[in-house]
Amino acid sequence: MRLLHTSDWHLGRSFHRESLHDAQRAFLDHLVAVVRDEGVDAVLVAGDVYDRALPGLEAVALFDDVLHRLADLGVPTVFISGNHDSARRLGVGAGLIGRAGVHLRTDPGECAEPVLLADEHGPVAVYGLPYLEPTLIRERFGLARGGHAAVLGAAMEQVRSDLAARPPGTRAVVLAHAFVTGGEPSDSERDIAVGGVAAVPAAVFDGVHYAALGHLHGSQTLAPHLRYSGSPLAYSFSEHEHRKSMWLVDLAADGAVTAERVYCPVPRPLARLRGRLDDLLTDERHTAAEQAWVQATLTDPSRPSEPMERLRRRFPHTLQLLFEPEETTAAASASYAARVGGRTDLEIAEGFLRHVRPGAAPDAEELDWLREGFERVRETTDRKAELPR
């Protein structure tokens, strides 16, 4: 049986305020083409379909469109909800949609109710384990305490119990959305440590032939039967070295797994540049970055004038500007009071905003808000000073 494993679509997400709608549509076009052209028997989507619990209309339209296209191909598809999804919203109409071969697994109570598929070698049971938040799930699994490992372990015990009751030779596939020990994270995943220790051991998935994992955005293999597909697009500059892909998995008659990567379209490459501004603007080694989305870290000892504007003359797609000055010993030891001496309250506040939002200077409206805020504080202070003691 040939499976296509993907995850972490994050429909509706932007990249440093740049819309990714067209790039996400191009990926979904690519996915449908792969399903059609590579003889895929089932599609596995391991969570984080949407980027947020209340997705925008454009994101919902993308999802609706791909559901129809996959259903038209007659290829069964199994989705689970991830930590970014609203399980209740994603699962609306699951019973009806399932009749079209699109199976939404968002209810923790259905962990041991597989989607049953078959090929010439016999049955394949596909178990969808939605993201399991420990604080919300413990009681349903009869646990008094425990974190991610405990609740996922309890879910997998249900899977193994159900599998043991099925005909001998039934092959088992699991979809799960979790941080498995040994996986390599990036900056764009939302932390799931709340509710207990985040990582779960790989041994949790013992007893199944393939585990299609979601949550981590880099494609990686923890074991031949245990893989992350990663996200189809880069969602942070920490992913600049990722080659985004899906897994095309062949499940043999005995449950043995072979897999190959199917690479995803790249809307625009990423580049991380570091150095003094004048060097970045003249160094020929950075020519390839002129068409990339750029994160630039400036190391000038003092802040250059109009750095973003100057960078964008050569690198028009610069999205993030960071400052890590090469400070002299004297500058490094200067006190905060010395560094802000002679500056007005408004200038200090403006500098703070520039520091915490690199590349996004306060606009005129924000400066007006700051001025108004300082004026009100001064008025309040002056009135208190005039009161009799």
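Biologist: Where in the protein is the place of R17?

Modeller: This is a predicted model, in which local features need pLDDT of at least 70, side-chain atom pairs count only at pLDDT 80 or more, and totals for chains, interfaces and linings use all residues. Residues are numbered from 1 along each chain as its sequence is written, and side-chain values use heavy atoms, with hydrogens and water left out. Helices (H or I, at least four residues) and strands (E, at least two) are DSSP runs numbered from the N terminus. With that numbering, the place of R17 is in the loop between β2 and β3.

Biologist: Does R17 count as buried or exposed?

Modeller: Buried means under 20% relative accessible area and exposed over 50%, with partly exposed in between, for a 1.4 Å probe and protein chains only. R17, whose phi is near 75°, a positive value in a residue other than glycine, has 72% relative accessibility and therefore counts as exposed.

Biologist: What relative accessibility does D8 have?

Modeller: Most residues other than glycine have a negative phi. D8 has a positive phi of about 55° although it is not a glycine, and its place is in the loop between β1 and β2 (14–15). D8 counts as buried, because its relative accessibility is 0%.

Biologist: How many helices and strands are there in the protein?

Modeller: The C-alpha trace of the protein spans about 85 × 65 × 40 Å along its principal axes, and of its 389 residues 47% count as buried. In this protein there are 12 helices and 19 strands.

Biologist: What share of the contacts with a separation of 6 or more comes from residues 24 or more positions apart?

Modeller: A contact means heavy atoms within 4.5 Å. Among the contacts in the protein with a separation of 6 or more, the share from residues 24 or more positions apart is 68%.

Biologist: How far apart are the end C-alpha atoms of helix α1?

Modeller: The expected span of a helix is 1.5 Å times one less than its number of residues. Helix α1 (residues 21–37) has 17 residues, so it should span 24 Å, and this agrees with the distance between its end C-alpha atoms, which is 24 Å.

Biologist: What covers the buried residues of α1?

Modeller: The buried residues of α1 are H21, A23, Q24, F27, L28, L31, V32, V34 and V35. What covers them includes β1 (2–6), β3 (18–19), β4 (42–46), α2 (57–73), β15 (245–251) and β16 (257–263).

Biologist: Which residue of β16 stands opposite L251?

Modeller: Two strands pair if DSSP finds at least two bridges between them, and β15 and β16 pair in the antiparallel sense over seven bridges. These strands form a hairpin with five residues between them, and G255 in the turn has a positive phi of about 90°. Six of the seven residues of β15 are buried, so β15 is largely enclosed by the rest of the structure. In β16, the residue that stands opposite L251 is V257.

Biologist: Which residue of β15 does R2 stand opposite?

Modeller: β1 and β15 run antiparallel and are joined by four bridges. In β15, the residue opposite R2 is D250.

Biologist: In β9, which residue is the bridge partner of Y127?

Modeller: Strand β8 (residues 122–129) is largely enclosed by the rest of the structure, because seven of its eight residues are buried. Five bridges join β8 to strand β7 (residues 115–119), and these two run antiparallel. With strand β9 (residues 171–177), β8 pairs in the parallel sense over six bridges. There, the bridge partner of Y127 is V174.

Biologist: How much space lies in the largest cavity?

Modeller: A cavity is a set of points, on a 1 Å grid over the protein atoms alone, where a 1.4 Å probe fits but cannot get out, and lining residues have an atom within 4 Å of a point. Grid points are joined across faces, edges and corners, and a volume is the space filled by probe spheres set on the points. The structure holds one cavity of 30 Å³ or more. The space in the largest cavity is about 90 Å³.

Biologist: Which residues lie closest to the centre of the largest cavity?

Modeller: By class, the lining has 12 nonpolar, two polar and no charged residues, where Ala, Val, Leu, Ile, Met, Phe, Trp, Tyr, Cys and Pro count as nonpolar, Asp, Glu, Lys and Arg as charged, and the others, Gly among them, as polar. The largest share of the lining, three residues, comes from α6. Of the 14 residues that line the largest cavity, the closest to its centre are L132, H148, L152, H177 and A178.

Key:
On a 1 Å grid over the protein atoms alone, a cavity is a set of points where a 1.4 Å probe fits but cannot get out, and a pocket is an open set with protein on both sides within 12 Å along at least five of seven lines; lining residues have an atom within 4 Å of a point.
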